[in-house]
Amino acid sequence: MRRGGWTARLWAEVAGIYGAILQHPFLTGLADGSLDPDTFAHYLIQDAYYLQDFGRALTVVGSKAPSPAGVGMFARHAAGIVDVELALHASLLTQLGIQHTDAMPVAPTTRAYTSYLLATAYSGTFADGFAAVLPCYWIYAEVGAELVERGSPDPRYQSWIDTYAGDEYQAIVAEVLALGDDVGQTLSAADEARARAHFATTARYEWMFWDAAWRREAWPI
């Protein structure tokens, strides 16, 4: 899912990060079925923690949107995407034999990523918050579209891939990107540079999140 305008400029700056994401053993393991189910469960639990704060961040970003349509879009996404993804996670964790997710604490990378999102959403402008939440939307859409072409022999992993490759999720991301191109036209040079920096930072956090799951990251002390 490529765009023109401002979002194309954003993507060009993180193309290397996205390439590293696609090559990460967590995602290659999803596609070829070799990923350890315990590693996948670690990811799902941490992502459930992440999604709770991502939903909060979307609500704050939406409250600063310059148009009623933008406010409504983020409100729908905060309610819809988070619910759909959390339901997926609950289903997959049940298939993995895990009933109680709160036994695992929030991992360092999860805490760092969500703290950055919330701080940017609360303290920044609409463009700042928008740019910070955008990689989570967009990178998952790109990863889903890429991995669905490869497929996975593990039905649990295929279910995860199908969610992000599906028409519904892809349409949601297309809606966000269209707003992004509109937003980019309104920014001063300084505001645009700051927003791009937020986008690059959270794109790096996306790689870090999968890497933390791969390592089953825990607090060192």
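Before we start, one word you'll need: buried means under 20% relative accessible area, exposed means over 50%, and partly exposed is in between, using a 1.4 Å probe and protein chains only. This is a predicted model, where local features need pLDDT of at least 70, side-chain atom pairs count only at pLDDT 80 or more, and totals for chains, interfaces and linings use all residues. Residues are numbered from 1 along each chain as its sequence is written, and side-chain values use heavy atoms, with hydrogens and water left out.

**Stop 1: the whole chain**

Show the protein chain as a cartoon. You'll see ten helices and zero strands; helices here are DSSP runs of H or I with at least four residues, strands are runs of E with at least two, and both are numbered from the N terminus. The radius of gyration is 17 Å, close to the 17 Å that the globule rule gives for 221 residues, so the chain is as compact as a globular protein of that length. (That radius is taken over C-alpha atoms, and the rule is 2.2 Å times the number of residues to the power 0.38.) The C-alpha atoms fill a box of roughly 50 × 35 × 30 Å along the principal axes.

Of the 221 residues, 54% count as buried. Now think about contacts, meaning heavy atoms within 4.5 Å. Among contacts between residues at least 6 apart in sequence, 86% join residues at least 24 apart.

**Stop 2: helix 9**

Select residues 167-184. Helix 9 has 18 residues and reaches 26 Å from its first C-alpha to its last, close to the 26 Å expected at 1.5 Å a residue. The expected span is 1.5 Å times one less than the number of residues. Which residues of helix 9 are buried? Color Tyr169, Gln170, Ile172, Val173, Val176, Leu177, Leu179, Gly180, Asp181, Val183 and Gly184 to see them. What covers these buried residues includes helix 1 (5-13), helix 5 (68-95), helix 7 (126-150) and helix 8 (155-165).

**Stop 3: Ala132**

Hop over to helix 7 and pick Ala132. Is Ala132 buried or exposed? At 0% relative accessibility, Ala132 counts as buried. Leaving out residues up to four places away in sequence, Ala132 touches Leu117, Thr120, His198 and Thr202.

**Stop 4: helix 10 and what follows**

Select residues 189-214, which make up helix 10. Helix 10 has 26 residues and reaches 38 Å from its first C-alpha to its last, close to the 38 Å expected at 1.5 Å a residue. Helix 10 is followed by Arg216, whose phi is positive, near 50 degrees.

Glu217 sits in the segment after helix 10. With 13% relative accessibility, Glu217 counts as buried. Show its partners: not counting residues up to four places away in sequence, Glu217 touches His42, Ala107, Pro108, Thr109 and Ala212.

**Stop 5: Gly33**

Gly33 counts as partly exposed, at 27% relative accessibility. What does Gly33 touch, not counting residues up to four places away in sequence? Select Ser152, Pro153 and Tyr157. Finally, draw a line to Gly5: Gly33 and Gly5 are 28 residues apart in sequence and 37 Å apart in space, C-alpha to C-alpha.
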